[in-house]
Amino acid sequence: MDQITIADLEVYLHVGVTEEERANPQRLLITLDMALDVRPAAASDNLAHTIDYAAVAQRVMDFGTGCHWELIEALAGDLAEMVLDEFKPESVTVEVKKFVLPHARHVAVRLTRARRG
């Protein structure tokens, strides 16, 4: 299966277990790997035959407005479902990186979800 990747999209969202941690938006990096057959787009050179990655990126940046999550696992799951529902890849892998441990570059959750039916 072919793939479209958006790597390390920077967003600021309210995520954290404690209220103090959720009080201010935190910097997160989100990577999306969307699996789909790009042969129709390659043959036609037409955006209508693929996933508009600019639209996906904008939707992800707008996704968390007014929301909060305790766990990045929940955020990643919600993002995966939104991408599947709205942009229709065969599957999506979402990685959310958070910068909370002082002696680690980041912590991350990566999950893959596929369309049902």
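This note describes the strands, helices, core and selected side chains of a predicted model.

1. Basis of the note. The model is predicted, and local features need pLDDT of at least 70, side-chain atom pairs count only at pLDDT 80 or more, while totals for chains, interfaces and linings use all residues. Residues are numbered from 1 along each chain as its sequence is written, and side-chain values use heavy atoms, with hydrogens and water left out.

2. Five strands form an open sheet of mixed pairing, in the order 3-1-2-4-5. Strand 3 (68-69) and strand 5 (107-114) stand at the edges with a single partner strand each, so one side of each has no neighbour in the sheet. Helices (H or I, at least four residues) and strands (E, at least two) are DSSP runs numbered from the N terminus, and two strands pair if DSSP finds at least two bridges between them.

3. Strand 2 and its partners. Strand 1 (residues 2-15) and strand 2 run antiparallel and are joined by 10 bridges. Within this pairing, Asp-2 stands opposite Leu-36, and Glu-10 has Leu-29 as its bridge partner. Strand 2 is also joined to strand 4 (residues 91-98) by eight bridges, again antiparallel. Here Leu-28 stands opposite Lys-98, and Ile-30 has Val-96 as its bridge partner.

4. Burial of strand 2. Of the 11 residues of strand 2 (residues 26-36), 10 are buried, so this strand is largely enclosed by the rest of the structure. Buried means under 20% relative accessible area, exposed over 50%, and partly exposed in between (1.4 Å probe, protein chains only).

5. Strand 3 and helix 3. Strand 1 and strand 3 run parallel and are joined by two bridges; His-14 stands opposite His-68 in strand 3. Helix 3 (residues 53-63) lies across strand 1, strand 2 and strand 3, at about 20 degrees to strand 1. Axes are lines fitted to C-alpha atoms, for helices over the stretch in contact (heavy atoms within 4.5 Å), and angles run from 0 to 180 degrees between N-to-C directions.

6. The nonpolar core. The largest nonpolar core has 31 residues, and those with the most contacts inside it are Leu-32, Val-60, Leu-79, Val-94 and Val-96. Two or more residues come from each of strand 1, strand 2, helix 3, helix 4 (72-87), strand 4 and strand 5. Helix 4 gives the most, with nine residues. Such a core is a set of buried Ala, Val, Leu, Ile, Met, Phe, Trp, Tyr and Cys residues joined through side-chain atoms within 4.5 Å. Leaving aside neighbours within four places in sequence, Val-96 is in contact with residues including Leu-29, Ile-72, Leu-79 and Val-109.

7. Aromatic side chains. The count comes to one aromatic pair. The rings of Phe-63 and Trp-69 have centres 5.8 Å apart and planes at 15 degrees, so the pair is stacked. Rings of Phe, Tyr and Trp (its six-membered ring) pair if their centres lie within 6.5 Å; planes under 30 degrees apart count as stacked, over 60 as edge-to-face and the rest as tilted. Both Phe-63 and Trp-69 are buried.

8. Asp-37. This residue is found in the loop between strand 2 and helix 2 (39-44), and at 30% relative accessibility it counts as partly exposed. Asp-37 and Met-1 are 36 residues apart in sequence but 6.0 Å apart in space, C-alpha to C-alpha. Not counting residues up to four places away in sequence, Asp-37 touches Met-1 and Asp-2.
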